[in-house]
Amino acid sequence: MSELKLGLVLAGGGVAGIAWETGVLSGIEDAAPETAAALLAADVLVGTSAGSTVAAQIAGGVSLRELFEIQTAEETAEIEPNVDAERLGQMFVDAIDGASERVEQLKSLGAAALDADTVEPARRRAVIEARLSDCRWTDRILRIPAIDAATGELTVFEHGSGVDLIDAVGASCAVPGVWPTVTIDGSRYMDGGMGSGSNLQLAHDCDAVVVLSPAEDPGVHLLGGSLRDEIDSMSGTSVLAVFADEAVIDAIGPNSLSPATRRPAAELGREQGRRIAREITVFLAAA
């Protein structure tokens, strides 16, 4: 494993996604500590939306034990979102119908995000700050994507970007119509998972990649396409995708942004992690 350039890609999926990814990694650590250690020490970390939180926590050296306890605790700094599912659904329909090119679709979503009535940015930023606690950028390769709401273009924040980690994660997690866009250097950013829930292509320089996606296989993207499509397009890189199982999907329900999903997602994720630990161990050994 030491000579392998390994990537760990953590996809978006709301508050439930943070909890599930934490749980899966914890379960792998339970069943195969060396395999978990290899994943945590991955050469490249890519975190999109919810996954940006977990990737930043891992890069900051927070233990899985501590992270799991946070996700299963009764008290949380997370905010219960005021989600109008019908309105959000229409927003995505309008984006798809109004343009054929992905960047134009994202610009349409961005315009809606910029006009949305959400919680105050300072209140939302406090939530992200509570997630990261004392985490700061480290020397590890950590890639956090967000979408420029005005242009629809993907921006990737890294250690050398000169951007506060809290702002980078907050931007990647800024679900349009739910959370406020995040202003960085005069530009306003929204959720990095709008074009791709995983942004797997950001791990193109790795020999092998493990992807955790808190969604049903094939991991359909909001504007079309899927994680499976992205895997098929990756050449020269071995990819193993772990999707949330049926029990997790049922437990999360229709609102993955609700803090109420945290504990069941974390606990079921841990059970799933224990079950798949050997599969990941074999994958890494063969890569």
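**Pocket lining**

I started with the largest pocket and asked which element gives the largest share of its lining. That turned out to be H5, with four residues. I'm working on a predicted model here, so I keep that in mind throughout.

The lining comes to 40 residues. I noted the ones nearest the pocket centre: Gly 13, Gly 14, Leu 222, Ser 256 and Leu 257. The space inside is about 1,000 Å³.

What is the lining of the largest pocket made of, by class? I got 22 nonpolar, 14 polar and four charged residues.

**A helix pair**

I then looked up H4 (residues 64-72) against H11 (residues 262-286). Their axes sit 7 Å apart, and the packing angle is about 140°. Antiparallel was my first guess, but that label needs an angle over 145 degrees, so I wrote H4 and H11 down as oblique to each other.

On the H4 side I found Phe 68, Ile 70, Gln 71 and Thr 72 making the contact. H11 brings Arg 262, Arg 263, Ala 266, Glu 267 and Arg 270 to it. Sorted by class, the residues of this H4 and H11 contact are three nonpolar, two polar and four charged.

I checked omega and found a cis peptide bond from Asp 217 to Pro 218, with the angle near 20°. Where does Pro 218 lie? I placed Pro 218 in the loop between strand E7 (208-213) and helix H9 (227-233).

I also went through phi. Asp 185 has a positive value, near 50°, and is a residue other than glycine. I located Asp 185 in the loop that runs between strand E5 (182-184) and strand E6 (187-191).

**Whole chain**

Last, the overall picture. I counted eleven helices and eight strands in the protein chain. The radius of gyration is 17 Å, close to the 19 Å that the globule rule gives for 287 residues, so I logged the chain as being as compact as a globular protein of that length. The C-alpha trace spans about 50 × 45 × 40 Å along its principal axes.

Technical notes:
Residues are numbered from 1 along each chain as its sequence is written. This is a predicted model: local features need pLDDT of at least 70, side-chain atom pairs count only at pLDDT 80 or more; totals for chains, interfaces and linings use all residues. Side-chain values use heavy atoms; hydrogens and water are left out. Axes are lines fitted to C-alpha atoms, for helices over the stretch in contact, and angles run from 0 to 180 degrees between N-to-C directions. Helices (H or I, at least four residues) and strands (E, at least two) are DSSP runs, numbered from the N terminus. Angles under 35 degrees count as roughly parallel, over 145 as roughly antiparallel, 65 to 115 as roughly perpendicular and the rest as oblique. Contact means heavy atoms within 4.5 Å. Ala, Val, Leu, Ile, Met, Phe, Trp, Tyr, Cys and Pro count as nonpolar, Asp, Glu, Lys and Arg as charged, and the others, Gly among them, as polar. On a 1 Å grid over the protein atoms alone, a cavity is a set of points where a 1.4 Å probe fits but cannot get out, and a pocket is an open set with protein on both sides within 12 Å along at least five of seven lines; lining residues have an atom within 4 Å of a point. Grid points are joined across faces, edges and corners, and a volume is the space filled by probe spheres set on the points. The radius of gyration is taken over C-alpha atoms; the globule rule is 2.2 Å times the number of residues to the power 0.38.
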